[in-house]
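Colleague: I've got a structure open and I'm new to this. Could you walk me through how the labels on it are decided?

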Amino acid sequence: MEVESGDVIRLIQQFLKENNLLRTLATLEQETSISLNTVDSLDAFALSITQGHWDAVLRTVSGLSLPQRKLLDLYEHITIELIEMRETQAARSLLRHTDVMQLLKDLFPDRYLALESLLAKSGFDAKEAYPNKATKEKRRALIAQSLVSEVSVVPASRLLTLLGQSLKYQRGQGLIPEEDIPSYDLFRGIVPQAKVEQDSPATVMYQSIKFPKKAHAESIAFSGDGQFMATGAVDGIIEMWSYLTGKLRLDLKYQAEDNFMTMETAVLCLAFSKDNEFLASGAQDGKIKVWKVSSGQCVRRFPTAHTQGVTSVCFSRDGSQVLSGSFDQSIRIHGIKSSKMLKEFRGHVSFVNDVMFSIDGYRVISASSDGTVKIWDAKTADCLSTLTLHEGVSVTSGVNSATVNRVIQMPNNSDLFVVSNKSSYIYIVSVRGQVVKYFRIGKGLGEAPAPEIIASCVSSKGEFIYTVTEDGMLHWFHVESEGIYPQSSIKASESEVINITHHPFSNIIAMTAENGRLSLFKP
């Protein structure tokens, strides 16, 4: 549905009229050449004409844009009635000192002279004034019918009503949280920058989205402002959701029209730009695309980004570059403007599963199936350090270290990041390559082997680290705790979990699984 600009102007004009801002209304009508042309009641307007309440009619007409012919007929008739009532002074003033009657004189001099003749006579001849068997009442009825067809009635406070309906719809779609409505920025159309909630474990599933069995969500990402939750599916479709209701964001026109962002193969990774305007997607066929979130248009393509599947994408701080990792064992930086590869980082000997820029943008950190984490100089592409993490420590040799699947920036400390590998351990590491702390699943060496961690994320303020193990259990660790074991655990999925991520402000976790279910958790 397209909104006409003229309708928007008329809504504003009605608001100005109702609030008695008449000079502003007149200026807007003059500059836009668009008139409101509304009356409070069609019946009342017609009644004023048929009963000859000409003072009220003229006040109403002064704010309308009427065809020239109909306006001339009205003023001509009013003049005749004033002459009939022997209100000669008022008739003379209307005849000789109004723009409409001056126009009558210029265009139809014979009609104007007839009125002057009537005014000059001492008596009133109805047959002369209303020729062709017309009467005053018939003339009034014809004028009323003619003018009513030019105006319309609009319910009061239409602009405010529409805005209210819009807010109600957005609230119903989960686009505006109930608690944010009093402070919602109506002019900019956004929820005010949310305050980061105090961290609290998200343990209760409150919403789920069921994807088709052969089109499950492989990747998921929240925008940095918390407004969007994006999913990328095995069938190549990228969708935007409300994380509150679990419904598609139909306020995005392209989604409402079923025109989704799509890749040719499975979407393995997603990432929003820092300004939340763009979304990068990496696919199984090695391609990367960059999308404009508001329009769903693809603004940049990297058809040969990698020779194998793209496992991770990340925007630079200024949004001018996209960092990517791939099954082809390489890490690359691509220029948004040039659509070319700018740098390549080589050194891993197996799949690169995750990549990220350090907060200052000077480092690139990568996680690989070769069991290592590498820290690179983002400018020179030199490898600065290599970490092999095993049973809570960094080792140099002699072990076959587990696949590293995630590296996650700690939100409250730019020098620290979390490393998750396919073991029962998870680590907090510094950008200098030192293990600061570790946690683990299980409680003792004599137990049966603890399940392996397959996905992880960090809470908004960095107080909790969440992990999901291969048995579908969700565990959370308190970062400041002296212990190394989970604070608690819940059964989160009956199917193998693919991905897990945390909302940037709220205590919300989104989890995707191979059974096609995306689950949302809150405290």
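Colleague: Which residue in β5 is the bridge partner of Ile237?

Modeller: That's Thr262. Before we go on: this is a predicted model, where local features need pLDDT of at least 70 and side-chain atom pairs count only at pLDDT 80 or more, while totals for chains, interfaces and linings use all residues. Residues are numbered from 1 along each chain as its sequence is written, and side-chain values use heavy atoms, with hydrogens and water left out.

Colleague: What makes β4 and β5 a pair?

Modeller: Two strands pair if DSSP finds at least two bridges between them. Strand β4 (residues 237-241) is joined to β5 by 2 bridges, so the pair meets that cut-off. The two strands run antiparallel. As for the names, strands (E, at least two residues) and helices (H or I, at least four) are DSSP runs numbered from the N terminus.

Colleague: Why are β2 and β5 called edge strands?

Modeller: The open sheet has 4 strands in the order β2-β3-β4-β5. β2 (217-222) and β5 (261-262) each pair on one side only.

Colleague: How do you know that β21 is mostly covered?

Modeller: Buried means under 20% relative accessible area, exposed means over 50%, and partly exposed is in between (1.4 Å probe, protein chains only). In β21 (residues 425-430), 6 of its 6 residues are buried. Tyr425, Tyr427 and Val429 point one way, and Ile426, Ile428 and Ser430 the other way.

Colleague: Which strands does β21 pair with?

Modeller: β20 (residues 416-421) is joined to β21 by 5 bridges, and β21 also pairs with β22 (residues 435-440) over 5 bridges. Both pairings are antiparallel. Val418 has Ile428 as its bridge partner in β21, and Tyr425 has Arg440 in β22. A hairpin through 3 residues joins β20 to β21, while the hairpin of β21 and β22 has 4 residues between the strands.

Colleague: Why is the contact between Glu76 and Arg111 called a salt bridge?

Modeller: A salt bridge needs a side-chain nitrogen of Lys or Arg within 4 Å of a carboxyl oxygen of Asp or Glu. The closest N and O atoms of Glu76 and Arg111 are 2.7 Å apart, so the pair qualifies. Glu76 lies in helix α5 and Arg111 in helix α8, so the bridge ties together parts that are 35 residues apart in sequence.

Colleague: Are those two residues buried or partly exposed?

Modeller: One of each: Glu76 has a relative accessible area of 11% and is buried, whereas Arg111 has 23% and is partly exposed.

Colleague: What about Arg249 and Asp251, what makes them a salt bridge?

Modeller: Their N to O distance is 2.9 Å, so it falls inside the cut-off of 4 Å. Arg249 counts as buried at 6% relative accessibility, and Asp251 as partly exposed at 36%.
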